[in-house]
Amino acid sequence: MDKQKNENFKQAWDSSYDNGDNNLRYPSEEVVRCFYKSVKSRMNHESGEKLSVLDFGCGAGRNSLIFDSNDYDVIGYDISTSAINMASKNYPDHFFTANEKEFMSRKYHLAIADSSLDSMPWLDAVTSVTNIYSTLHKNGFFILSLIESDSKQKEYNGMNDILIKDDFEKNTMQIYFDWVRIERLLLPMFEIVSAYKVVHKDSNEDLLFSRWYLSCRAN
Ligand SMILES: C[S@@+](CC[C@H](N)C(=O)[O-])C[C@H]1O[C@@H](n2cnc3c(N)ncnc32)[C@H](O)[C@@H]1O
């Protein structure tokens, strides 16, 4: 990845966390649903063996709450050191790092990437998915969420990839996904086991945003 560009996004995410934008303390209900409905019963492992989980782009670490540290070794990785500091403080039973080499040096039974692969430039998302694939055990699982292109706000003229100008997550990148782009991101490395879209509307039935939740198995 381009070092300077990466450093700019790292700084933008650090500022965002320092401003308190994303210090969520509850796990994503939909990631819980994907894990229990589509993945958990399919995971193969030796009895008594702890399952290893990578939370890619973990932010303040909220999704580590899904996994009991007696049964799972969770590693959260994020580009933002501010996020990693928060996560380490919030969830001391789990391990968090901003060091890419550290997360890449291990193997996982499951990776999750909740709202993270759509929070970076497209080429970084492609590289990140390739990295995630290479760290998964054979037939390992991958749960991810991606914001759908119909969520594009009018002020951005329907562009697919935008640099956020609002105060919330300012100067970070948001990229949008239709089904073609989802397949370009995941195939042929992964088989998509389940996919559904959650649509959020306001009380006037106007679309706020919608988000895909995907459960995949590594080929
Ligand atoms: C919208 S937040 C989601 C955080 C967390 N997954 C959650 O659901 O609360 C997007 C996260 O992606 C991280 N991120 C952005 N680019 C990244 C990259 N190239 N590598 C790793 N993490 C990245 C950001 O630092 C941020 O924590």
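Okay, a term before anything else: I call a residue buried if 20 or more other C-beta atoms lie within 10 Å of its own, exposed if 12 or fewer, and partly exposed in between, with C-beta atoms placed from the backbone. What you see here is a predicted model, where local features need pLDDT of at least 70 and side-chain atom pairs count only at pLDDT 80 or more, while totals for chains, interfaces and linings use all residues. Residues are numbered from 1 along each chain as its sequence is written.

Let's start with helix H1, residues 3–18. Helices (H or I, at least four residues) and strands (E, at least two) are DSSP runs, numbered from the N terminus. On one side of H1, Lys3, Gln4 and Glu7 are exposed. Which residues of H1 are buried? Those are Phe9, Trp13, Ser16 and Tyr17. They cover an arc of only 95 degrees around the axis, so they sit on the same side of H1; the arc is that of the directions from the helix axis to the C-beta atoms. As a reminder, an α-helix has 3.6 residues a turn, so residues three or four places apart point the same way.

And what do the buried residues of H1 pack against? Helix H3 (81–90) and strand E7 (173–175), where a contact is two C-beta atoms, placed from the backbone, within 7 Å. H3 has its own buried set: Ser82, Ala83, Ile84, Met86 and Ala87. Covering these we find, among others, H1, strand E2 (72–77) and strand E3 (95–97).

Now the core. The largest nonpolar core has 51 residues, and Leu54, Ala111, Phe142 and Ile143 have the most contacts inside it. By that I mean a set of buried Ala, Val, Leu, Ile, Met, Phe, Trp, Tyr and Cys residues joined through C-beta atoms within 7 Å. Strand E5 (residues 136–147) gives the most to this core, six residues. Skipping neighbours within four places in sequence, Ile143 is in contact with Val31, Cys34, Phe35, Val39, Ile112 and Ser215.

Last stop, Lys50, in the loop between helix H2 (29–39) and strand E1 (51–56). Lys50 has 15 other C-beta atoms within 10 Å, so it counts as partly exposed. Again skipping neighbours within four places, Lys50 is in contact with Asp71, Tyr72 and Asp73.
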